[in-house]
Structure formats: C-alpha cells, structure tokens
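Please look through the structure shown below. The paragraphs after it go from single residues to the contact between chains.

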Amino acid sequence: MFLTIAKIFVVVLAILAVSKSYISYREKKESLAMVIFWTFSWVVINVVAFSPAAVGFLLNDLGGRAGIGTILGLGMVFIYFIVYRVYVKADRIEKQLNKVIRYSAINTHRRKSRSR
Amino acid sequence: MIKLIIVIPAYNEERSIAKVLQSVPKQIDGVSQIETIVIDDNSSDKTFRIAKDAGAHVVSHRMNLGAGGATLTGIILAQRLEADAVVTIDADGQHNPLEIKRLVQNHLKTNADLVIGSRFLSGTIKKMPTIKKIGNRGLSYITYLLSGKMVSDTQSGFRLFGSEMIKLLATVDLVGYEFCSETIMIANKNHMKIYEVPISTIYDKNRTGGQNPLNGINILMKLIYRKLVG
C-alpha cells in the first residue's frame, strides 16, 4: 500500500516538474536543453522508483559492495547539499537584485527632485 | 523638535492610498516637519499617479520587492532626507493614520528606538481571521526563540523607527517578508530599546491583500538561515 502511494507520488511529481519545465520553455523562460535534462532526470527517478532492482544491477556491474540503503543515504546527502547551495545562491542574487532595484528607484527620485 | 517621515509601501492600492494620505496628521506635538514617502512597489494600477497627485514623495520600483523590500527603500530615502524618525504604515487602510501620533508621543516619551504598533494589545484583534492570528502568534514565538525578545505582534507594519534604527537599517541587506521579524532581531542584538503600543486595525472583508499564510514557512526558513549565516 505504502509503495503504491509512493509510486503515485513520484509520477505526479514527475508530471508536475516536466510540465512546468515545458511551460517555461513555451514561454521562452527556459532552454530546450534544460527541458530535455529535467525530462531525462525524472524518467530515471521513475525507473528507479518502479524497479529499484535496476540500481542493484548497476551496483553489481560496478563491482561495489554498498547496499541500496547506503546509496540512498548518499543520494539524500547530495540532494541536501544541492538544495543548500541553490538556497545560498538564490539568497545572494535576491539581495543583489533588491539593491539594484532599490538604489535605481532612489536615484531616479533624487534626479527628478533636483530637476524640478 | 524632530523631522518625521511617514513611509507607505504600496502595491496596487489605488482604492485606498488617497484616503490614507489624506488622513496622515499634518501636525504632531514635538514634530517640526512631516513628510510622506510612498513606495510604489511596481503597481499595475494608478497607485503612483494618485500618490503623486496627493503631494507625497513617490518612489517607484521597477520590480516587485514585497512589503519588506519597499519599506526598506523608504527608510533609506528617509535617511537621505534627514529624518529623525520614520513611521511605516500600510497602504491598504487597515491602520488608522491618526494613531501615528500615539507612536510618536511614545517615542518622544520613552526614547524607544523601535515603537511597534501591536494589534494584539488592543480589542480589535478579535476581528483578525483565525488563520492569520495563529500565523502571527507562531511567528512571534519563532522571533522570540531567534532573538530572545518577546514582542506581541512581530508582523505589524505600523511602526516607528528612531534615528539610531534608521542608521542601522540603512546598512543592512534585508529582503522580503522576514523584514518585520528581522528588524526586531537587529534591534535587540544592538541593544536598542523596543516599545509596544496598542493600535486599532480595520479588517475589510472585501480586501484580498495581506500575507499568504504559507509565507510563514518562507519567513521561518529565511530567519533560521540568517541566524545561522549571520
């Protein structure tokens, strides 16, 4: 039961993410390469969700001894790190953008006040 | 005698901005000069024109920065206009501009660097929608945990900033909705005096503005991040 819900959840998330990416592409906010990248990523995530054995085959091919739990754990740490990095960068860009908008508005106001 | 500047962040407030501007007191005891700044936060309606016609200084953002970002723009401009104190008030008419006097008088009497108009200290809080009440209470406790200062209404946009707070805020990078909580954290960290006064609030059922309750999660994440990163 839990696995079925989890699989449905993964499919819904994939549809949402890919359709959002496609809409952004249609609105020219995203490149075709990014749409392909996200679609491919979500296809892989769905393959792993529906047949976890595929990861096992991959591990055997690589000759590793790590269990699936270890791989999932490492994956979680990696994703957490990526989220952290994206958050830090977004915060920095947000601050810089705020500054540019703010001082542009103040300077425009001052210029107009002086010219009156 | 002090120079007071009223800062009004506004986003698509053509229905209420004129009334708010007209209601701003023209004279207050202990105040020699009162000026008004409206920060038009990239409105798509006639907010800019109406505020301009009402005689306010109007600064226009090319992009929407949110209430916190717009308030900070106003405070920085007020500092450049040599304000001794800044009162921030919402443009949607939920605050009574006549109560600006109460904030100013308490500032002059107590010498507080930050005077917060608290909706929770007055009877009108009963009219606040329950979901907002819970959200506001929750954010007040989170602000207390992160700052060590208990304030009854951390999300109130009706505030007075004294000259030391104005100087301090002009040097920091604050963005977004976390502005309200973060100013309290900054004030407490710098040993500024914080004082609260009760204010009345007018809740209009037809008004669709205000914060999305989910913004509370964004505010929480930002506050924790800023606390950790500094």
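B:Lys133 sits in helix α5 of chain B, which covers residues 130-147. Helices here are DSSP runs of H or I with at least four residues, strands are runs of E with at least two, and both are numbered from the N terminus. The model is predicted, so local features need pLDDT of at least 70 and side-chain atom pairs count only at pLDDT 80 or more, while totals for chains, interfaces and linings use all residues. Residues are numbered from 1 along each chain as its sequence is written, chains are lettered from A and ligands numbered from 1 in the order in which they are written, and side-chain values use heavy atoms, with hydrogens and water left out.

B:Lys133 counts as partly exposed because its relative accessibility is 27%; buried means under 20% relative accessible area, exposed means over 50%, and partly exposed lies in between, with a 1.4 Å probe and protein chains only. Apart from neighbours within four places in sequence, B:Lys133 is in contact with B:Phe120, B:Ile125, B:Lys126 and B:Met128, where contact means heavy atoms within 4.5 Å. Between the C-alpha atoms of B:Lys133 and B:Tyr11 there are 23 Å, and the two are 122 residues apart along the chain.

Where in chain B is B:Ser43? It belongs to the loop between β2 (31-40) and α2 (47-53). B:Ser43 counts as buried because its relative accessibility is 16%. Not counting residues up to four places away in sequence, B:Ser43 touches B:Ala10, B:Tyr11 and B:Asn12. Its side chain reaches the backbone nitrogen of B:Asn12 at 2.8 Å, and a polar contact of 2.5 Å joins the side chains of B:Ser43 and B:Asp40. A polar contact is a pair of N or O atoms within 3.5 Å; within protein, one must be able to donate a hydrogen and the other to accept it, and residues adjacent in sequence count only if both atoms are side-chain atoms.

Side chains of opposite charge can pair when their charged atoms come close. The rule asks for a side-chain nitrogen of Lys or Arg within 4 Å of a carboxyl oxygen of Asp or Glu. B:Glu35 and B:Lys3 meet in such a bridge, at 3.3 Å from N to O. This pair links distant parts of the chain, with B:Glu35 in strand β2 and B:Lys3 in strand β1 (residues 2-10), 32 residues apart. Both residues, B:Glu35 and B:Lys3, are buried. In helix α2 of chain B, B:Asp53 and B:Arg49 are four residues apart, about one turn of the helix, and the closest N and O atoms of their salt bridge are 3.2 Å apart. B:Asp53 counts as exposed because its relative accessibility is 59%, and B:Arg49 counts as partly exposed because its value is 45%.

Helix α7 of chain B (residues 179-189) is largely enclosed by the rest of the structure, because nine of its 11 residues are buried. Among the buried residues of α7(B) are B:Phe179, B:Glu182 and B:Met185. After α7(B) comes B:His191, whose phi is positive, near 55°.

Chain A has four helices and zero strands. Of its 116 residues, 16% count as buried. Chain A also has a salt bridge, between the side chains of A:Lys29 and A:Glu27 (3.3 Å, N to O). Over all chains, a search of the whole structure finds seven salt bridges.

A:Ile79 lies in helix α4 of chain A, residues 68-115. A:Ile79 is exposed because its relative accessible area is 52%. With A:Phe78, A:Phe81, A:Ile82, A:Val83, A:Tyr84 and A:Val86, A:Ile79 makes a nonpolar surface patch of about 700 Å². Such patches are made of residues with over 30% relative accessible area and no salt bridge; like charges are joined within 9 Å, and nonpolar side chains (Val, Leu, Ile, Met, Phe, Trp, Tyr) within 5 Å. Accessible areas come from the Shrake-Rupley method with a 1.4 Å probe, and for residues only the protein chains shown count as cover.

The last topic is the contact between the chains. Chain A and chain B bury about 2000 Å² between them, 59% of it on carbon and sulfur atoms. In chain A, A:Tyr87, A:Arg102 and A:His109 lose the most area to chain B, together 30% of what that side buries. Buried area is the accessible area (1.4 Å probe) that two parts lose on being put together, summed over both. The contact takes 19 residues from chain A and 23 residues from chain B. Across this interface the rule finds zero salt bridges, and three residue pairs are in polar contact, both residues at pLDDT 80 or more.
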